[in-house]
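Hi,

Here is the model I promised to pass on. Have a look at it first, and my notes follow below.

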Amino acid sequence: MTKRKKAMFWVGVISGLPGLVYFFTAAIFYAWLNAAEPERWPPEKAAIWAGGSLLLAIVFAIYFGYSIFSLIRESNRKYREQNKAT
């Protein structure tokens with residue numbers, strides 16, 4: 001694995017979980033705004049914002065999971081190569 005690819009995976013690990021939490025919380029917040037103040041936040045507007053935030057939360061969750069999986073797989077590959085060589 002190249003250093004650039006490994007750096008991208010570490011960025012995914014570091015930013016993925018906070019991004020997931022932020023956008024999932026934003027989706028809940030926009031849905032709550034619609035329920036709390038429907039005259040200021042019409043259902044269509046709140047649905048667009050909540051849906052977009054939920055979509056971004058899913059993207060960050062996938063990016064986080066894929067980054068963790070890839071780094072663990074690379075670590076296991078290096079460990080097997082090291083044990084095979086000795």
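Leaving aside neighbours within four places in sequence, which residues is Phe64 in contact with? The answer is Gly12, Val13, Gly16 and Leu17, where contact means heavy atoms within 4.5 Å.

Before the rest, some housekeeping. This is a predicted model, in which local features need pLDDT of at least 70 and side-chain atom pairs count only at pLDDT 80 or more, while totals for chains, interfaces and linings use all residues. Residues are numbered from 1 along each chain as its sequence is written, and side-chain values use heavy atoms, with hydrogens and water left out.

On to the helices. Helix α1 covers residues 3–36 and helix α2 covers residues 43–85; helices here are DSSP runs (H or I, at least four residues), numbered from the N terminus. Two packed helices are described by the angle between their axes and the distance between the axes. For this pair, the axes come within 7 Å and cross at roughly 155°. The axes are lines fitted to C-alpha atoms over the stretch in contact, with angles running from 0 to 180 degrees between N-to-C directions. That crossing makes α1 roughly antiparallel to α2, the word used for angles over 145 degrees. The crossing is also left-handed, meaning that the near helix is turned anticlockwise from the far one by less than a right angle.

By class, the contact of α1 with α2 has 27 nonpolar, eight polar and two charged residues. Nonpolar here covers Ala, Val, Leu, Ile, Met, Phe, Trp, Tyr, Cys and Pro; charged covers Asp, Glu, Lys and Arg; the others, Gly among them, are polar.

Now some individual positions in that pairing. Phe64 is in α2 and counts as partly exposed at 22% relative accessibility (buried is under 20% relative accessible area, exposed over 50%, partly exposed in between, with a 1.4 Å probe and protein chains only). Phe64 and Leu54 are 10 residues apart in sequence and 15 Å apart in space, C-alpha to C-alpha. Phe9, by contrast, is 55 residues from Phe64 along the chain, with 8.3 Å between their C-alpha atoms.

Phe9 belongs to α1 and is buried at 8%. Not counting residues up to four places away in sequence, Phe9 touches Met1, Tyr66, Ser67, Ser70 and Leu71. Ser67 is buried at 0% relative accessibility, and Ser70 is buried at 1%.

What makes up the largest nonpolar core? Six residues do: Ala26, Tyr30, Leu33, Trp41, Ala46 and Ala50. A nonpolar core is a set of buried Ala, Val, Leu, Ile, Met, Phe, Trp, Tyr and Cys residues joined through side-chain atoms within 4.5 Å. Each of α1 and α2 supplies at least two of its residues, and α1 gives the most, with three.

Tyr30, in α1, is buried at 18%. Beyond its neighbours within four places in sequence, Tyr30 is in contact with Trp41, Ala46, Trp49, Ala50 and Ser53. The C-alpha atoms of Tyr30 and Ala47, 17 residues apart in sequence, are 7.8 Å apart. Leu33, with the same exclusion, is in contact with Pro38 and Trp41.

Cheers

Key
Parallel < 35°, antiparallel > 145°, perpendicular 65-115°, else oblique.
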